[in-house]
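Let us walk through a protein chain, step by step. Keep the sequence and the picture side by side as you read.

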Amino acid sequence: MSSRVPPPSVFLEMDRAKREAKAKGLPLLDLSIGSTDLLPPRPPLEALKAALDDPLTYGYCLKSCTLAFLEAAVAWFHGRFGLELDPTSEALSLIGSQEGLAHLLLALTEPEEGLLLPEVAYPSYFGAAQVAGLKAWPIPLREDLLPDFSQIPQEALRKARVLLLNYPNNPTGRVAPRAFLEEALAFAEAQGLWLIHDNPYVDQVFFGRAESALALGGKGARVVELFSLSKSYHLAGFRLGFALGHREAIRALEAVKSAVDFNPYAGILRMGIVALQTPPGVLQGYAKTYARRAESLYEALKETLRMRPP
Ligand SMILES: Cc1ncc(COP(=O)(O)O)c(C=O)c1O
């Protein structure tokens, strides 16, 4: 088997463990994957239902078929972060941000090059690095849970091609302040690295606001930012996201993907256009629900610790 085949992901392992536990009739509290249990807003679902009755949506969906979605994505980004992008050359639809990242690493790197990423990171990143033949160099975290760029070994700096960040972060929950992302942008530029910012939790912020590395870097920065409809709109199973950023990177990602897939179903793209117009108040309501749950869990864990015998 190729050395690029990663071990089964933790999510596959957990799924297997869950199946086995269910078969034994064991009671399950399922924390195996971060899939939201809230329901999507109705309007995107209605758009998808309507698309099912429109035969124009049934064929292969090439670039021109994705353009309305890409226009909606760049309009959303401009409204949110103030940077105008060209939908045809600085945006691409994805089958989720996870798919986008794995193909982007293939598009931007040569085998044996290095990927810098915080030592505590979303586990799929390590599998994606292996598929691309990259060596992952974990960056130690500071006490404030942000990576310490001064701790990266010289060899890693020599070999690295990409810096991969993710804020708001899974699993730490850390939201990066603007000053940190500016530091990361300056570091990436000084080292000649691509900066990939995986930003699927842009709406899951309890205090303050999520930043965009792409918007902070500005037009032409060697940055690609990945967004997802899985988390903000509870549409994980529909597999829709988008990449925004540097046109060379987007062109290379598009070329890799064109050898692998034909974009999402046109009806799912129509669903995405409507989802991106969800009023901010609705999204804040979801975040409040999560904040309340986090608070309850925190209190329950504190209580458990208090009751633990010394
Ligand atoms: C940091 C991070 N990136 C990407 C993903 C996957 O997103 P998508 O459903 O868009 O592939 C997840 C899902 O949990 C995640 O936590």
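Where does Pro171 lie? Find S4 and H7, then look in the loop between them, for that is where Pro171 sits. Keep in mind that this is a predicted model. Asn170 and Pro171 are joined by a cis peptide bond, with omega at about 15°. Pro168 belongs to the loop between strand S4, residues 160-165, and helix H7, residues 178-191.

Now zoom out to the whole chain. How many helices and strands are there? The chain has eleven helices and seven strands. Its C-alpha atoms fill a box of roughly 65 × 50 × 45 Å along the principal axes.

Contacts tell us how the chain is folded back on itself. Take the contacts between residues at least 6 apart in sequence: 74% of these join residues at least 24 apart. Buried residues make up 45% of the 310 residues. The accessible surface comes to about 16100 Å², and 59% of it belongs to carbon and sulfur atoms. What about charge? The chain carries 32 positive and 34 negative charges, and their mean positions are 4 Å apart.

Go back to strand S4 and pick out Val162, which is in this strand. Is Val162 buried or exposed? Its relative accessible area is 0%, and buried means under 20%, so Val162 counts as buried. Which residues does it touch? Leaving out residues up to four places away in sequence, the partners of Val162 include Leu105, Leu108, Gly114, Leu193 and Trp194. Val162 and Gln191 are 29 residues apart in sequence, and their C-alpha atoms are 9.6 Å apart.

Two of those partners lead to our next stop. Ala249 is in contact with Leu104, Leu108, Trp194 and Val224, leaving aside its neighbours within four places in sequence. Leu108 and Trp194 are also among the residues that Val162 touches. Ala249 itself is in helix H9, residues 247-258. Its relative accessible area is 0%, so Ala249 is buried. Val224 is 25 residues away along the chain, yet the C-alpha atoms of Ala249 and Val224 are separated by 7.3 Å.

Next, visit helix H3, residues 63-81, where Leu70 is found. Leu70 is buried too, because its relative accessible area is 0%. Not counting residues up to four places away in sequence, Leu70 touches Lys63, Pro87, Ala91, Leu92 and Ser93. Thr88 is 18 residues from Leu70 along the chain, and their C-alpha atoms are separated by 7.5 Å.

Loops can hold buried residues as well. His234 lies in the loop between strand S6, residues 223-228, and strand S7, residues 241-245. With a relative accessible area of 6%, His234 is buried. What joins the side chains of His234 and Thr36? A polar contact of 3.0 Å does. Beyond its neighbours within four places in sequence, His234 also has contacts that include Leu38, Pro40, Tyr286 and Tyr290.

Leu145 has phi near 70°, and it is not a glycine. Look for Leu145 in the loop between strand S3, residues 135-139, and helix H6, residues 154-159. Its relative accessible area is 36%, so Leu145 is partly exposed. Asn263 is not a glycine either, and its phi is about 55°. Asn263 sits in the loop between H9 and helix H10, residues 266-275. That brings us back to H9, the helix that holds Ala249.

Key
Residues are numbered from 1 along each chain as its sequence is written. This is a predicted model: local features need pLDDT of at least 70, side-chain atom pairs count only at pLDDT 80 or more; totals for chains, interfaces and linings use all residues. Side-chain values use heavy atoms; hydrogens and water are left out. Helices (H or I, at least four residues) and strands (E, at least two) are DSSP runs, numbered from the N terminus. Buried means under 20% relative accessible area, exposed over 50%, partly exposed in between (1.4 Å probe, protein chains only). Contact means heavy atoms within 4.5 Å. Accessible areas come from the Shrake-Rupley method with a 1.4 Å probe; for residues, only the protein chains shown count as cover. Lys and Arg count as positive and Asp and Glu as negative; His and the chain ends are not counted. The place of a charge is taken as NZ of Lys, CZ of Arg, CG of Asp or CD of Glu. A polar contact is a pair of N or O atoms within 3.5 Å; within protein, one must be able to donate a hydrogen and the other to accept it, and residues adjacent in sequence count only if both atoms are side-chain atoms.
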